[in-house]
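Subject: Structure handover

Hello,

Here is the structure to look through. My notes on it follow below.

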Amino acid sequence: MEAPNAGNFLCICHFGGEVVTLIDSLNYKGGQAVGVSITKDTTFAEFIQIFCAQAMMHSTELSFMYTTKYLPTQLLPLNTDCGMRDLVSFNDNYAYVYVHGERVQNIMPTHISEQMSRCEMDSIASVSTPSEHLFEHLTNGVPTSTIGYMSRCVVNQSGPLESTVWGNALHSTGQTFAIAEEFRKILYKFSLAHNFRYKWKRNAPNALSTYCAVEGCPWQIKARAIRSTPIVRVTTFNNVHSHTAHDLITMALMSKAKGIAAILKDKLRQDPDLTPPKIRSEVKRKYGMNVSYKQAWRAKEKTKMNFCGDVSHTYKLLPWLCNSLKDSNPGTIAEWTCDADLNFKQLFIAYGCSVNEFLLGCRPIIAVNSSFLSAPYRGALYSATAFNADDEMYPLAFGILSYENYEDWLWFLQHLKGLIGSLKVTIISDRHNALLESVGEVFGIQNHSHCFTHLKENFGK
Ligand SMILES: [Zn+2]
């Protein structure tokens, strides 16, 4: 590249604000800017000297970074004469330099995608600051005098939504799908890509018919099962919309938990702990769709269910689980019950090793308690905790039952009594009504004492 003539290379130096990374450019939020004219022979020391004179700053503890026209989002350190030469060589006529120091704010990039909504991006872009260079990087051209308007436009087009890849997911009559559900998923993605809502006229496994939600719009698609197979084939596809600008502006995309679960499947598989607020911002950023907290939560639960199976099915494993525990750990008590309709009712588990150690070396005191379970099936976790010779808590038994009723506590305590045999123990509890009766019945009323913590809390109330 041809070196610039002496004195006609301009370094636009930003300081006091914050670098914000957009999809394919950098923006600088707040702060100020000064122009530093240099030549291809200007040394780093000379550059600092000119900058400090222009910005009226001291040179101590300042650090500099710059970008090139080829990699406008990559910040490179500027701290040597060699860096000065690269800055001149890999930019045309002007370059952006970002200054960081104790007396100026952090210039490390803030990623729009993670920390800001598009609305906030608009507000950044529309703030006129002296340092607002904005989108010359994008246009690859000369700085323009209409920066304010231009920046707002460019931010609004800060990259195509990811849903556009589904633009041809539905393409012609004769297209087939393995099952109706696959057709529904593809249709949903197609509607996101083309920014329209649809309504079902018929939605059965063997016959599907939808049309555009905008009244009078001719868009429609129909599919039917091929003979008696689950395979469905598109029989009618009129892929033409007749929308007004007002329709496009006011149309809210369909945000169904099931659909969100389908499009976020891979993301949730990689990061199962993705929270509903993060799902909301991800969906908004990538697909331009507003979803509520509840929809995001339901989408997450649906995805989890697809990966791990239905939680209710795991209850079917209980008999196997209890038998396996007893086989592999002699002395274990693992019992379960169900109601007349074979629905799960109660579970009690005490590992053989825990029981043996309790009988051998623990103090004859057992604290019983229960706490709510927040899973879809609710109920409560019951626990029996002993204390070893060092007065440390020693887990003895636990159970899954309904919450705080006499029958369940009685069932749990009877199993507890069964494992300690004739040993006399003192039961500590919060003396809930259900416990007052059941503990007295199984262990004797004289062996039931208050939990001091609960007692104190109850007085506090
Ligand atoms: Zn339409």
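Ile428 has Ser449 in β18 as its bridge partner. Please keep in mind throughout that this is a predicted model. Ser429 stands opposite His450, which is also in β18. The strands concerned are β17, residues 426–429, and β18, and they pair in the parallel sense over three bridges.

β17 has a further pairing with β14, residues 363–372: the two run parallel and three bridges join them. Here Ile366 has Ile427 in β17 as its bridge partner.

These strands belong to an open sheet of seven, in the order β12-β13-β16-β15-β14-β17-β18, and the pairing in the sheet is mixed. Which strands stand at the edges? They are β12 (333–338) and β18 (448–450); each has a single partner strand, so one side of each is left without a neighbour in the sheet. On average, neighbouring strands of this sheet are turned by 20 degrees against each other, direction ignored.

Helix α14, residues 318–328, packs on the sheet and touches β12 and β13 (344–350). The direction of α14 makes about 165 degrees with that of β12.

**Two helix pairs**

Two packed helices are described by the angle between their axes and the distance between the axes. For helix α16 (residues 406–420) and helix α17 (residues 433–443), the angle is about 30 degrees and the axes are 9 Å apart. The limit for roughly parallel is under 35 degrees, so α16 counts as roughly parallel to α17. The crossing of α16 past α17 is right-handed. On the α16 side, the residues in contact are Tyr406, Trp409, Leu410, Leu413, Gln414 and Lys417. They meet residues of α17 including Ala434, Leu435, Ser438, Val439, Val442 and Phe443.

The other pair is α11 (residues 276–287) with helix α12 (residues 293–308). Their axes lie 8 Å apart and the packing angle is about 100 degrees, so α11 is roughly perpendicular to α12. Pro276, Ile279 and Arg280 in α11 meet Tyr293, Ala296, Trp297, Ala299 and Lys300 in α12.

Arg285 also lies in α11. Is Arg285 buried or partly exposed? A residue needs 20 or more other C-beta atoms within 10 Å to count as buried; Arg285 has 19, so this residue is partly exposed. Arg285 and Glu162 are 123 residues apart in sequence, and their C-alpha atoms are 8.8 Å apart in space.

**The five-stranded sheet**

Another open sheet has five strands in the order β7-β11-β10-β9-β8, with antiparallel pairing. Its edges are β7 (176–177) and β8 (198–204); each has a single partner strand, so one side of each is left without a neighbour in the sheet. Within this sheet, β9 (residues 207–212) and β10 (residues 220–225) pair in the antiparallel sense over five bridges. Thr210 stands opposite Ile221 in β10.

**One face of a helix**

Which residues of helix α2 (residues 81–89) are buried? They are Met84, Leu87 and Val88. Seen down the axis of α2, these buried residues fall within an arc of 95 degrees, so they line one face of the helix. An α-helix has 3.6 residues a turn, so residues three or four places apart point the same way.

Regards

Methods: Residues are numbered from 1 along each chain as its sequence is written. This is a predicted model: local features need pLDDT of at least 70, side-chain atom pairs count only at pLDDT 80 or more; totals for chains, interfaces and linings use all residues. A residue is buried if 20 or more other C-beta atoms lie within 10 Å of its own, exposed if 12 or fewer, and partly exposed in between; C-beta atoms are placed from the backbone. Helices (H or I, at least four residues) and strands (E, at least two) are DSSP runs, numbered from the N terminus. The arc is that of the directions from the helix axis to the C-beta atoms. Two strands pair if DSSP finds at least two bridges between them. Axes are lines fitted to C-alpha atoms, for helices over the stretch in contact, and angles run from 0 to 180 degrees between N-to-C directions. Two residues are in contact if their C-beta atoms, placed from the backbone, lie within 7 Å. Angles under 35 degrees count as roughly parallel, over 145 as roughly antiparallel, 65 to 115 as roughly perpendicular and the rest as oblique. A crossing is left-handed if the near helix is turned anticlockwise from the far one by less than a right angle, and right-handed if clockwise.
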